[in-house]
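Open the model in your viewer and keep the selection tool at hand. This tour goes from stop to stop: select, look, move on.

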Amino acid sequence: MSSAPTAFGAASHVASEVDNVFIFILVITAFFFVATQGTLIYFVIRYRHRKGRPDVATSSVITNRILEGIWIGVPSIAVAAIFFYGYTVWEDIRTVPKGAEEINVTARQWLYQFQYPDGRKSINEVRVPVGQAVEFNLTSADVLHGFYLPAFRIKQDAVPGRYTYVWLRASDPGSYDIFCTQYCGVGHSQMRAKLIVMPPARYRQWYRQETAKAEKVLPLADKGKAVVQRLGCLACHSTDGTVKVGPTWKNLYESRVLLENGKTVIADDNYIRTKILNPAATTVKGFPKVMPTFKGIIKDDEITAVIAYIKTLK
Amino acid sequence: MINGLIMNETSEPNYLTETRGLSSWIFTLDHKRIGIMYLCIILFFFLVGGVFGLLVRLELLKPNNWLMSNQTYNEMFTLHGVIMIFLFVIPVIPSALGNFFIPLLIGARDVAFPRLNLFSVWLFGAGVLVVIASFSHPIDTGWTFYTPYSARTAAAVTILVGGIFLMGMSTILTALNFIVTIHRLRAPGMTWHRLPLFIWSMYATSIINVIATPVVGMTFMLLMAERLFGIGFFDPAKGGDPLLFQHFFWFYSHPAVYVMILPAMGIISEIIPVFSRKPIFGYRAIAYSSMAIAFSGFLVWGHHMFVAGMSNAADIFFSFFTFSVAVPTGIKVFNWIATMYKGSIHLDTPMIYALTFIFSFVIGGLTGPFLGALATDVPLHDTYFVVAHFHYTMMGGTVMGLFAGLHYWYPKMTGRMLNEKVAKLAWALIFVGFFVTFFNMFILGFRGMPRRWATYPPRFQTQHIISTVGSWILAAGIVIMFYNFIRCLKKGEKAPPNPWGAKTLEWQVPSPPPTGNFTEIPVITDWPYSYPKRDE
Amino acid sequence: MSEREKGGHENPVFVLETSKLGIWTFLATELLLFGALFTVYTVFRIKYPELFYAQHLKLNRVMGFANTVVLICSSLSVAVGIAGIRRGNVKALKIALVVTLILGAAFLVIKGFEYREHFERGEFPGTNIFFSLYYVMTAIHALHVVAGMSALAYCLIRTMRGDFSADYAVPVEVSGIYWHFVDLVWIYLFPMLYLMG
């Protein structure tokens, strides 16, 4: 499978949609290019000065309101259309479907480390099944990195100290490139990984085998649970819905949280991460401002594990 | 320097011959000499930056480090970018041609603050020296200096950004000088709507420089402080935010691309009417669109960060405003083309470069919507598509505009005509080389080739070979062009005061102009595009 | 002024207006320079309100307040000097400039004591985001104080030489505007750093 030639044609539904936007813009811009440059070349040939002719223009027109109105109006409509079409397809790129499987990605100089839900890790190679939506949660351990899948027409920077995401739903089995696009130092151009898309049945089989092989590794959510117990988080937070000193974690993930300052935020990965490292930044309405910071106590991969644990508390 | 080369025994002393010796240049208060000093320094660095560019292309001839290591490659592309952006494209038209021609075009004897102007050129020279000092540990961050990498690398980032800071101060002071000059020193009768369009574009450029440059200056100071004192505004490990750096950087660097392109647009707006023997079409639309571009340029910086991890709402906002820049830019192009309608078009070298500007800049401009639209920017961002787009606007736009301006004003600056045949040969090579090198990169980028890569998968090699060969053709053309510039200083025909039959004020004084520009300050009664009309 | 002679406009009113346009344009640049810093301040203050509250208590409000008073007085003395020279009173200008320079120096000395106090307590620019901001903002402001003092010192030398009169005092007018700006920045910095927790 991994020896299959690297595909470039649109490898997902979203990728085809992006290609359609590309073609749409290409048609519009090609029209403007031909219209303007055709006129330019025609004028140069038609009105060029010939020897022996008087060297004076035959027109002194310096303004024409109708013409100027058209060339302000038409491009305005064209760019508005491009913006809108680009925006609607981009919504699909950014909106992760429900039930997406999650894979955590940590980029570092100069490799990608993938972590599956069962806690297994792999370097520079990640496998996903055909037809399954997969969300990659990105972060970086050092400098900025890129995470670019040319065949899927998606890209996202991995930023140290925060989470970003991309998602895809592969339509065909095969081996696809993952490139680093954000300059990151000496090994930048060698920072490449492979996405291997497998038929669902073979994928499940492979996944079970790998899980069995790596039994000693705790699934990510279980590791998170262990961290939570070690750090004593449960003194103030419950996992069953009861209100203690702090809000409960049950159904917390992706829920709307009303803050003391009246704003509402979504309790996503970045929110939870910030609460752990810098709790003073936001306070949930109705709760005291007492949470201590865990900065310097909890490691980055432990935060990721805790978030994975909180996600399970539904 | 140049005054040694030009013998002008017969005529009145001009700005080149009135005084002689090195110190008469280093301490000159004459805006024309200051402009020439900028021009010499900046064009020298254009060639240096070009050599780095050629080395980058040479390395990419083969996919696997056949010429240099990754580290060396990273230094090469960074130096190419840093030199071309900060030592060439940003200052070249404003500091060199702007200094020389703004007072001449508005009928003034000099800029408002000549001593400040001299101080600016010294600051620029000092900045250049500091930048050169940083080559001891060549910088490897890319010209964008993104943190946290730039805060951690062992390269001489602190020294380099210090040098750029000095050059930024020089840019600000020059811009300040231009703004005050344009406000206060216009000749009697030179109303705002009688200003040559080059002046309008320089005015818009100067405003951007005054407003945007200090922000990047502060950003660079903070980056230096981050490296020197361990503060961490941009370092996530210290509670900082790397995206904050990107916001600040692009708050300057996006308007800065208009600093690069607006002056070139000004030059084109001067050349097209002169060589069409026809008044400019839509004067006010061109003038006001410069101001509109300058203004809206401040609202779009975030389109460099669509995949950087900004909020979705910010992405949408910046994409929307990005498209608002397209319309005033389009207006200019339409007006230039309309100016040629029923003209008497002369295809002298300045006009050929001006037409090349329109042709290639429009390609650069029309590839912008691919990057401004959210859906297509996601795959194209940070690929060769961006490299191609950028070079089509900067090389195809600004540099072609600069070449147009240099060929147009060479007779005025030096008192000699260029050799037309050599100039056209150089143009042909530059045009072909430029298209072979860069057009190809749009497709390379669409196919997924990331930028700033020293090595690459073999499937991209054919296209890299095409680009590299193109870069050689381009280089040959530029060498011939410079040969023509240097040779004609002595060998060129003597230039009459107004070889092109232009109406603007600089052509109403001798070539080269005397030190004080005008024996008597002219009184203006008409706009500078009043070409007569022939009835048919 | 010799700069103007070449321009062909020797009318002193014209020179003054031109120079004022120059300095106001320069202040626009300066405003954006500090604007960038104020943005950094705002971003991190929203992000770390607790940290800012806890850390700002460590600043010496007495010295900060003293410095505010010093700078306001120095602005006043520059204004008095300029009002004097407009009436042709060279002596008043001389005294005012000396007083302003002394006050400027006093500001820097007090700032130096503050810095020493922080260093002794181990509070350095890299200690935390608040102190990073404190040092960067005050140090860049102090650089502007030095620049303003240099301009005023240059004016003082030229006053001693007798260059200025009721008709011509452009450098003093321009330096005065700049000095007011430097004071104004401090008027913003003081509450932002010392008072707002």
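Start in chain B. Select B:Pro512, which sits in the segment after α17 (461-491) of chain B. Helices here are DSSP runs of H or I with at least four residues, strands are E runs of at least two, and both are numbered from the N terminus.

A word on ground rules. This is a predicted model: local features need pLDDT of at least 70, side-chain atom pairs count only at pLDDT 80 or more, and totals for chains, interfaces and linings use all residues. Residues are numbered from 1 along each chain as its sequence is written, while chains are lettered from A and ligands numbered from 1 in the order in which they are written.

Switch to chain A. Select A:Gln109 and A:Trp110: the peptide bond from A:Gln109 to A:Trp110 is cis, with omega near -5 degrees. A:Trp110 belongs to the loop between β1 (101-108) and β2 (111-115) of chain A.

**Chain A as a whole**

Zoom out to chain A. Six helices and 12 strands make up its list of elements. The C-alpha trace spans about 95 × 55 × 35 Å along its principal axes. Of the 314 residues of chain A, 33% count as buried. Buried means 20 or more other C-beta atoms within 10 Å of the residue's own, exposed means 12 or fewer, and partly exposed lies in between; C-beta atoms are placed from the backbone.

**Two helix pairs**

Select residues 13-46 and 65-94 of chain A. These are helices α1 and α2, which pack at an angle of about 170 degrees with their axes 10 Å apart. Axes are lines fitted to C-alpha atoms, for helices over the stretch in contact, and angles run from 0 to 180 degrees between N-to-C directions. α1(A) and α2(A) are therefore roughly antiparallel to each other. Angles under 35 degrees count as roughly parallel, over 145 as roughly antiparallel, 65 to 115 as roughly perpendicular and the rest as oblique.

Next, select residues 269-277 and 300-312 of chain A. Helices α5 and α6 pack at about 120 degrees, with axes 10 Å apart. α5(A) and α6(A) are therefore oblique to each other. Show the side chains: A:Asp269, A:Ile272, A:Arg273 and A:Ile276 in α5(A) meet A:Ile303, A:Ile307 and A:Ile310 in α6(A). Two residues are in contact if their C-beta atoms, placed from the backbone, lie within 7 Å.

**Positive phi**

Which phi value does A:Asn251 have? Phi is near 60 degrees, positive in a residue other than glycine. Find A:Asn251 in the loop between α4 (220-231) and β11 (256-258) of chain A. A:Asn251 is exposed, with 12 other C-beta atoms within 10 Å.

Now select B:Asn65, which is not a glycine but has a positive phi of about 45 degrees. B:Asn65 lies in the loop between α3 (31-59) and α4 of chain B. B:Asn65 is partly exposed, with 15 other C-beta atoms within 10 Å.

**Where the chains meet**

Last stop: show both chains. 71 residues of chain B are in contact with 66 residues of chain A. On the side of chain B that touches chain A, α11(B) gives the most, with 13 residues.
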